[in-house]
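Here's a quick walk through one model, with a few strands and side chains picked out. Have the sequence and the 3D view open as you read.

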Amino acid sequence: MNSFLSSIVDFISMFRIADIIDIAIIAIVFYRLRGIIHEARVWQILKGIILFIVATWISGVFQLNAINFILRNTMQVGILVLIILFQPELRRVLERIGRTNFNSFFRDEEVDYVKTASEITKAACALSRARLGALIVIEGKSSLDEVFGTGTELNAKVSSDLLITIFFSKTPLHDGAVVIRDDKILHAACVLPLTKNEELSHELGTRHRAAIGLSEVSDASVIVVSEETGKISIARNGLLQRDYTEPSLMEEVGHILRSVHPSEETGKKIHRWRSVFSVKNK
């Protein structure tokens, strides 16, 4: 027992202050990189590659020569194929790292999702009252880079005034969808893929079909304001929920933002905001 304790003391005594700083910096960098990577489908790629490596190692240990040969040769080509297929996601991660300054790299970026939910709700309700059609896409955890290429880059802070201005019928960006990530309007006038579901009601127009179409192929949520009726709907996972009121829309947008960026405190604040909307509309 004494020898064990003495070996531990000797091991600890070997550490220098520089070693502790070195380990701390590496830990922080890996933690931040994990957070950045986890937001995109790159995390799914990495999990697949790790599984592939483990399978190759196991086949080697148990001398499954045929399987090991196939896995080793597939891996040489497969990693290159993955890089090509998921190039948009990889580019997004590298751009995120490039935009991160020294201070924000070592701490989580603070985004007021409650205010973002409020601004989106106010804009959608104002557009509804004015009978102005709108498509507002809230990006989920998977990237929508393929949609960005069809629109105009804005990269502006989410505000109700800006959203209302974009969808005003006389502006050049009104015909299409805006895409929101965190608290930024990244692109406007984006073209969304139409759903191929032929069982939908014929009263649903192109906006609703585009919203459902995007929600079928991604984890994004799409708010739709009908130009004909002024009704507000949300498309998620290929389904369309209709007839939102201001309080219920605030609650649902808050839920969507919480599902992308979980936070108990954010949930409490959004619930309080919903109460404010309820009192105002009585």
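Ile180 stands opposite Ile185 in E4. Strands here, like helices, are DSSP runs numbered from the N terminus (strands E, at least two residues; helices H or I, at least four). Keep in mind that this is a predicted model, where local features need pLDDT of at least 70 and side-chain atom pairs count only at pLDDT 80 or more, while totals for chains, interfaces and linings use all residues. Residues are numbered from 1 along each chain as its sequence is written, and side-chain values use heavy atoms, with hydrogens and water left out.

**Strand E3 and its partners**

E3 pairs with strand E4 (residues 184-190) in the antiparallel sense, over 4 bridges; two strands count as paired if DSSP finds at least two bridges between them. The two form a hairpin with 2 residues between them, and Asp182 in the turn has a positive phi of about 55 degrees. E3 also runs parallel to strand E1 (residues 134-138), joined by 3 bridges, and Val137 has Val179 as its bridge partner in E3.

**Some individual residues**

Here's how a few others come out for accessibility.

| Residue | Relative accessible area | Class |
|---|---|---|
| Cys125 | 6% | buried |
| Cys190 | 2% | buried |
| His208 | 8% | buried |
| Asn68 | 12% | buried |
| Leu154 | 30% | partly exposed |

As for the cysteines, the structure holds 0 disulfides, going by a cut-off of sulfur atoms within 2.5 Å.

Leu154 lies in strand E2 (residues 152-157). Leaving out residues up to four places away in sequence, Leu154 touches Ile166, Leu173, Ile185, Leu186, His187 and Ala188, where contact means heavy atoms within 4.5 Å. Leu154 and His187 are 33 residues apart in sequence, yet 5.2 Å apart in space, C-alpha to C-alpha.

Then there's His208, in helix H10 (residues 206-217). Setting aside neighbours within four places in sequence, His208 is in contact with Val224, Ser226, Ser233 and Leu240.

Which helix holds Asn68? Asn68 sits in H4 (residues 65-85), and with neighbours within four places in sequence left aside, Asn68 contacts Thr56, Ser59 and Gly60.

Note on methods. Buried means under 20% relative accessible area, exposed over 50%, partly exposed in between (1.4 Å probe, protein chains only).
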